[in-house]
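Please look over the sequence and the structure shown here before reading on. The briefing that follows goes through them topic by topic.

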Amino acid sequence: MKSREYLALGLPVIGGYEDTDIPESSPVYLQLPNRPGAIIESLPQVDAFVAEWRGRRVQRSQIAYLDTPAKEAHRIEFLRQIA
């Protein structure tokens, strides 16, 4: 839930879990491995991610897939397929 709040506020996110609502290729979310020591092992990726986003905000268009109308359309299409 917090990831969506941060993104809605224009902040990119670094997380140690797979967020199923955010595509793997999304430039706004850096997914780190979920294991001890992962942050240390991933410091080069974290540094690059932070440097890339320094002074920038996440644009609404980059996270449109998280908006309610988009999610609802996806849910309805799924229900149609299984009906």
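## Briefing on the predicted model

Leu11 is found in the loop that runs between helix H1 (2-8) and strand S1 (13-15), where helices (H or I, at least four residues) and strands (E, at least two) are DSSP runs numbered from the N terminus. The structure is a predicted model, in which local features need pLDDT of at least 70 and side-chain atom pairs count only at pLDDT 80 or more, while totals for chains, interfaces and linings use all residues. Residues are numbered from 1 along each chain as its sequence is written, and side-chain values use heavy atoms, with hydrogens and water left out.

- With a relative accessibility of 35%, Leu11 counts as partly exposed; buried means under 20% relative accessible area, exposed over 50%, and partly exposed in between (1.4 Å probe, protein chains only).
- Together with Tyr6 and Leu9, Leu11 forms a nonpolar surface patch that has about 280 Å² of accessible area, the areas coming from the Shrake-Rupley method with a 1.4 Å probe and, for residues, only the protein chains shown counting as cover.
- Patches are made of residues with over 30% relative accessible area and no salt bridge, like charges being joined within 9 Å and nonpolar side chains (Val, Leu, Ile, Met, Phe, Trp, Tyr) within 5 Å.

**The nonpolar core**

- The largest nonpolar core has 13 residues, and those with the most contacts inside it are Leu7, Val28, Leu30, Trp53, Val58 and Ile63; such a core is a set of buried Ala, Val, Leu, Ile, Met, Phe, Trp, Tyr and Cys residues joined through side-chain atoms within 4.5 Å.
- Strand S2 (29-31) and helix H3 (43-53) are the elements that give two or more residues to this core, and H3 gives the most, with three residues.
- Ile63 is in contact (heavy atoms within 4.5 Å) with Leu7, Ala8, Val28 and Val58, when its neighbours within four places in sequence are left aside.

- The buried residues of H3 are Val46, Phe49 and Trp53, and because they fall within an arc of 65 degrees when seen down the helix axis, they line one face of H3; the arc is that of the directions from the helix axis to the C-beta atoms.
- An α-helix has 3.6 residues a turn, so residues three or four places apart point the same way.
- The buried residues of H3 pack against S1, S2 and helix H2 (38-41), whereas the face turned away from the buried side carries the exposed residues Pro44 and Asp47.
- Val46, which counts as buried at 11% relative accessibility, is in contact with Ile14, Leu30, Leu32 and Ile39, leaving aside its neighbours within four places in sequence.
- Val46 and Leu30 are 16 residues apart in sequence, and their C-alpha atoms are 7.7 Å apart in space.
- After H3 comes Gly55, which has a positive phi near 80 degrees.

**Salt bridges**

- The count comes to five salt bridges, each being a side-chain nitrogen of Lys or Arg within 4 Å of a carboxyl oxygen of Asp or Glu.
- Asp21 and Lys71 meet through their side chains in a salt bridge (2.9 Å, N to O); Asp21 lies in the loop between S1 and S2 and Lys71 in helix H4 (residues 68-82), so the pair ties together parts that are 50 residues apart in sequence.
- Arg4, Asp19, Asp21 and Lys71 are linked in a network of salt bridges.
- Arg35 and Glu41 also meet in a salt bridge (2.6 Å, N to O), in which Arg35 is partly exposed at 45% relative accessibility and Glu41 is partly exposed at 48%.
- Arg75 forms a salt bridge with Glu72, their closest N and O atoms being 2.5 Å apart, and these two residues, three apart in helix H4, are separated by about one helical turn.

**Tyr17 in the loop between S1 and S2**

- Tyr17 has its place in the loop between S1 and S2 and is partly exposed, with a relative accessible area of 39%.
- Not counting residues up to four places away in sequence, Tyr17 touches Ser3, Tyr29, Gln31 and Leu32.
- The C-alpha atoms of Tyr17 and Leu30 are separated by 9.6 Å, the two residues being 13 apart along the chain.
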